[in-house]
Amino acid sequence: MEEQTKVESTQTNDTEAPLDKNVRLMSPTRMVVRRFFRSRLSIVGLIMVVSLFLFSFVGPYFVADLPDEVVQTDANGNPILDENGDPIITYVYHDDDGKWGEIELDKRGMTEYAVSETTYTVNGVTYTLRQTTETNIEDNMLAPPSGDHILGTDNQGYDIFVRLMYGGRISLIVSFLAVFLITVLGVIMGGIAGYFGGFIDNIIMRVCDILICLPGIPILLIISTILDASDIDAKYRIYLLMIYLTFISWPGTARLVRGQILSLREQEYMVAAEAMGYSVPRKIFKHLVPNVMPQLIVSMSLSLGSMILYEATLSYLNLGVKAPYAAWGTMINIISQDQDILQNHLNVWVPAGICIVVAVLGFNFIGDGLRDALDPKARR
Amino acid sequence: MSKIKNANRLTGKEVRAIAKQNKKIIRKLEAYKNRKAEETEYLGHMSKPENILEIDNLHTYFFTEQGVVKAVNGVSFDIPKNTTVGVVGESGCGKSVTSMSVMRLVQGPTGQIYSGSIRFNAKLDNGETKVYDIAKMPMDDIHKIRGNQIAMIFQEPMTSLNPVFTIGQQLDEVTFINHPEATKEDAKAKSLEMLDLVGIAMPERVYDAYPHELSGGMRQRVMISMALASDPRLIIADEPTTALDVTIQAQILDLLRDLKTRIDGSIMLITHDLGIIAEMADYVVVMYAGRVIEKGPVSEIFHNPLHPYTIGLQKSKPTLSSDSDTLFNIPGNVPNPVNMPNHCYFKERCGKCIGKCSGEYPRMIEVTPNHFVACHLYGKED
Amino acid sequence: MAEVLNNENKTSENILEVRNLRKCFPLKKTMTGKVTQELVAVDDVSFTLKAGETLGIVGESGCGKTTLGRTILKLHKSSGGKIIFDGVDITDLKPKQMREIRKQMQIIFQDPYSSLPPRSTVGGILSEPVAVHNIVPKSEVKDYVLDLMEKCGLRDYYYERYPHEFSGGQRQRICIARALSVKPKLVICDEPVSALDVSIQAQIINLLKQLQKDMNLTYVFISHDLSVVKFISDKIGVMYLGSMVEFGTKEDIFANPLHPYTQALFSAIPQPDPDLKMNRIILKGDIPSPANPPKGCRFHTRCPYATDKCKEEVPEYRDYGNGHFVACHLLQK
């Protein structure tokens with residue numbers, strides 16, 4: 001019997017082989033990539049987003065030398081410790097003029113410190129003492145664009161061009177982080193709601209309804225006030241706010257995932273998975289979620305744009321990133337401090353606005369392109 | 001054993017070359033389709049006056065990213081007046097694309113009529129007849145024949161009716177399009193008459209019903225009545241009973257047979273079911289991989305099939321009367337339509353291959369009067 | 001688990017026994033969850049099936065044949081009756097216990113397009129069940145799958161391809177290979193060839209028959225096409241609106257169809273012979289909605305021989321000799 005089958009099936013194979021060989025298909029990945037690049041808009045979007053990334057993450061290495069971290073050491077090379085027992089670290093910025101200036105991360109142009117070093121020995125231990133003198137603080141405020149400061153400086157003497165780069169870092173990192181959290185939470189909740197249905201579905205969906213009803217901005221204002229009062233480092237504020245944003249934004253993703261899973265669950269391949277006796281987590285995360293991925297990727301790229309907008313809004317309202325840290329929203333916020341800047345110093349706030357527009361447009365173009373590329377209906 | 005050969009993919013370079021070529025051709029064909037043209041440009045002559053439709057060397061291609069799919073590749077057949085021509089073949093053989101080409105419903109921009117002619121003997125309102133070449137008509141003039149001279153019945157009665165309008169509204173609309181001067185009462189009277197014609201017991205009730213209130217069989221009857229409402233000269237029925245149950249299918253086939261005697265028109269019946277063809281058709285066209293491989297009168301095709309594919313198709317259909325234990329089967333699959341070889345497309349699945357089959361594609365030969373076959377087995381010795 | 005397996009003795013050679021199986025779907029519920037209207041999809045169906053046999057179930061859309069198949073597999077929870085598989089009463093098994101039995105009973109679907117997950121390769125689809133159920137050691141999974149693919153007439157380089165790159169017939173071969181990958185005893189074939197072309201239909205039917213011989217499989221073959229069922233079945237059951245109207249061996253059903261519905265089904269099939277003008281029984285009207293079935297004999301609205309008795313009383317499902325069961329008043333006189 002066994003042999004008979006083999007004979008028969010090889011026959012079938014051999015006869016279909018020649019015709020099969022001259023048929024060559026595109027691999028699924030290549031098909032998606034092709035569809036994506038067929039649209040000019042998605043290419044434009046990709047260029048916009050990639051150039052913003054290069055600008056923010058690579059740009060600083062070219063325009064502004066990053067400050068060197070210098071650990072102060074004694075003559076034996078042991079680090080000098082402060083009163084808490086931590087080594088004393090100073091940031092030394094190397095200026096083009098060959099002067100040493102110890103300044104804050106992105107405060108180029110505001111302060112230039114002259115550093116003088118003295119070495120002395122006490123009881124056989126050599127210490128290096130570095131003394132600094134401040135120069136030129138006031139002169140650089142609201143400087144017009146020039147060779148030194150490509151886009152000029154703002155009302156505190158920060159170089160706007162450099163600040164745009166650092167601002168971009170925060171804006172992009174924060175929105176990626178938020179979107180990642182939203183997606184993880186949304187997939188888990190939506191997956192559970194969609195798969196189990198009934199009572200669990202009902203509870204999760206009602207929680208979603210409630211969260212969607214919450215007025216986001218007023219609550220943000222309240223939280224921000226609490227944060228102000230609780231004296232949290234400006235560095236971490238924005239992350240806390242992003243966690244809150246995640247908390248109120250996941251229902252959108254959860255609904256999307258749930259809706260998709262509800263329709264996928266009725267597909268026969270899911271019945272087949274049931275008939276195979278697969279476990280529930282395997283069915284949800286190995287069979288259902290991968291099939292939601294296309295829609296998820298699209299919604300992720302679209303919400304990246306809206307997260308950047310959200311971040312900018314928060315910073316503009318002075319709720320997000322606070323000085324001395326930069327974000328694009330914070331940079332626009334300067335106009336609320338001084339009417340004169342709004343009218344006469346466009347170079348201070350317009351570039352940040354352009355960056356926001358470019359980022360949001362770029363992400364939306366990519367999202368649209370991905371939607372067309374991944375649309376299963378357009379597939380053969 | 002465990003080593004797996006390459007999955008045989010197209011390279012990026014090839015994909016780009018295909019896309020470039022497609023773009024060029026599609027632009028040219030789209031421009032031709034959307035041009036403005038005088039009527040004289042697409043008037044033609046029938047080769048036989050008794051024909052209502054003549055498809056002559058029709059090529060309809062789909063320019064896909066994977067390459068050119070020659071869905072209809074040189075199809076020719078005629079539909080004489082007052083006959084039923086059955087087009088039979090398996091999925092992907094191009095039978096539906098042929099009918100879509102006649103209706104000019106091929107989905108652009110990928111799908112295009114590449115060459116060939118579709119001559120249709122149209123009868124105008126004033127009684128005179130004109131021969132239009134549908135393949136050459138610009139899209140703006142297609143309304144002259146589509147819907148009124150040629151009507152179509154689709155496979156899926158569930159989705160071919162608009163769910164937000166009543167059956168009556170949708171039927172009346174057909175009348176208003178064909179006779180803009182008709183009053184509401186005229187239209188309703190005509191619609192009820194049509195519903196009655198297709199054997200609907202309570203036309204008034206169906207007239208006011210929404211599509212979802214009707215069963216599949218009823219909906220298909222409504223679709224047929226809509227097709228009949230414009231007094232077409234040709235009805236194209238694309239798998240009209242495939243979505244229906246056997247007992248309902250029997251009803252609809254009975255209705256179509258009955259209508260054929262009552263209306264003055266021809267039917268082009270597209271199906272994959274040889275049983276339906278045997279019952280309904282006068283003349284049969286067998287298609288395989290975008291080409292007509294055999295055509296002839298129904299009794300000839302069923303009693304004296306010539307092409308190995310036609311023979312195999314008839315043998316592999318399980319029937320109630322046969323007694324054998326295993327079914328005959330044609331080995332292999334319907335070939336993928338991209339990059340077709342130059343020889344006979346059926347060669348790989350054919351059990352009767354001769355040396356000549358590796359040569360160029362066989363021409364159509366008339367074996368007995370009106371019975372044509374494209375197979376080297378029946379060629380003249382030369 | 002062991003208790004469940006042992007509490008019924010495995011004396012009978014029947015691999016599947018279905019007793020008075022019922023399946024209802026709730027249509028309307030009150031606020032408190034009480035069902036006020038229900039759709040009886042499968043009503044009081046009983047049959048037995050020996051190992052290695054094929055049962056063909058024939059009926060039109062809405063007759064409950066698909067629901068019957070899925071209820072036997074416990075993909076739907078039954079609303080009454082018993083399912084005894086291989087000597088074990090599986091009617092009330094918990095999902096966890098059921099998972100072990102699942103690999104012994106498999107299903108092949110009608111639509112080869114929606115029954116394969118679109119984002120896995122053929123190799124992935126076929127290896128997963130083998131790995132999950134530990135059919136062969138991990139290191140041999142790939143060889144086992146390639147061997148199975150060869151048996152089902154699939155070429156080895158398909159392993160890396162995706163389902164959408166195949167034609168319907170090849171996809172159905174993949175589905176068959178998937179179902180057989182866990183070495184089942186019973187396979188429910190839910191219209192496996194209805195969506196395929198005639199020449200491919202014949203290939204798949206022959207493949208199924210060949211595999212049945214090789215692996216000693218038992219099939220429940222569900223179809224709307226009597227002529228297809230004829231080729232593969234040993235026993236045939238005809239269903240109409242949820243209940244079995246006729247059941248018997250293939251020879252009995254084909255030589256001597258007793259129920260008027262079976263007779264009408266036979267005559268409705270178009271035959272590929274233009275000269276054969278059959279005296280056709282054309283049933284009037286549509287199939288009634290299963291949500292609101294007619295009283296009495298369910299077929300009376302369309303039956304050419306219906307009497308007043310048919311409109312009132314439900315006919316008894318009775319053996320008319322040699323295991324040929326029919327439910328019709330006409331025969332009881």
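## Strands S11 and S12 of chain B

Thr368(B) stands opposite His371(B) in S12(B). Strand S12 of chain B covers residues 371–373 and runs antiparallel to S11(B), with three bridges joining them; strands (DSSP runs of E, at least two residues) are numbered from the N terminus, and two strands pair if DSSP finds at least two bridges between them.

This is a predicted model, in which local features need pLDDT of at least 70 and side-chain atom pairs count only at pLDDT 80 or more, while totals for chains, interfaces and linings use all residues. Residues are numbered from 1 along each chain as its sequence is written, and chains are lettered from A and ligands numbered from 1 in the order in which they are written.

S11(B) and S12(B) belong to an open sheet of eight strands in chain B, ordered S6-S7-S8-S3-S9-S10-S12-S11 with mixed pairing. Its edge strands, each pairing on one side only, are S6 (150–153) and S11 (365–368) of chain B.

Elsewhere in chain B, strand S4 (residues 111–123) pairs with strand S5 (residues 129–133) in the antiparallel sense over five bridges. Lys123(B) stands opposite Thr129(B) in S5(B). The two strands form a hairpin with five residues between them, and Gly127(B) in the turn has a positive phi of about 95 degrees.

## Domains of chain B

An automatic or database domain assignment divides chain B into domain 1 (9–80 + 92–144 + 285–361) and domain 2 (150–231). The C-alpha centres of these two domains of chain B lie 31 Å apart.

## Nonpolar cores

A nonpolar core is a set of buried Ala, Val, Leu, Ile, Met, Phe, Trp, Tyr and Cys residues joined through C-beta atoms within 7 Å. A residue is buried if 20 or more other C-beta atoms lie within 10 Å of its own, with C-beta atoms placed from the backbone. The largest core has 193 residues, and those with the most contacts inside it include Met268(B), Tyr288(B) and Cys189(C). Helix H7 (residues 198–215) of chain C gives the most to this core, with eight residues; helices are DSSP runs of H or I of at least four residues.

A second, separate core has 65 residues, among them Met242(A), Leu304(A), Ala359(A) and Ile366(A).

## Chain A

Chain A contains 12 helices and five strands. Of its 380 residues, 36% are buried. Among contacts in chain A between residues at least 6 apart in sequence, 65% join residues at least 24 apart; two residues are in contact if their C-beta atoms, placed from the backbone, lie within 7 Å.

Note on methods. A residue is buried if 20 or more other C-beta atoms lie within 10 Å of its own, exposed if 12 or fewer, and partly exposed in between; C-beta atoms are placed from the backbone.
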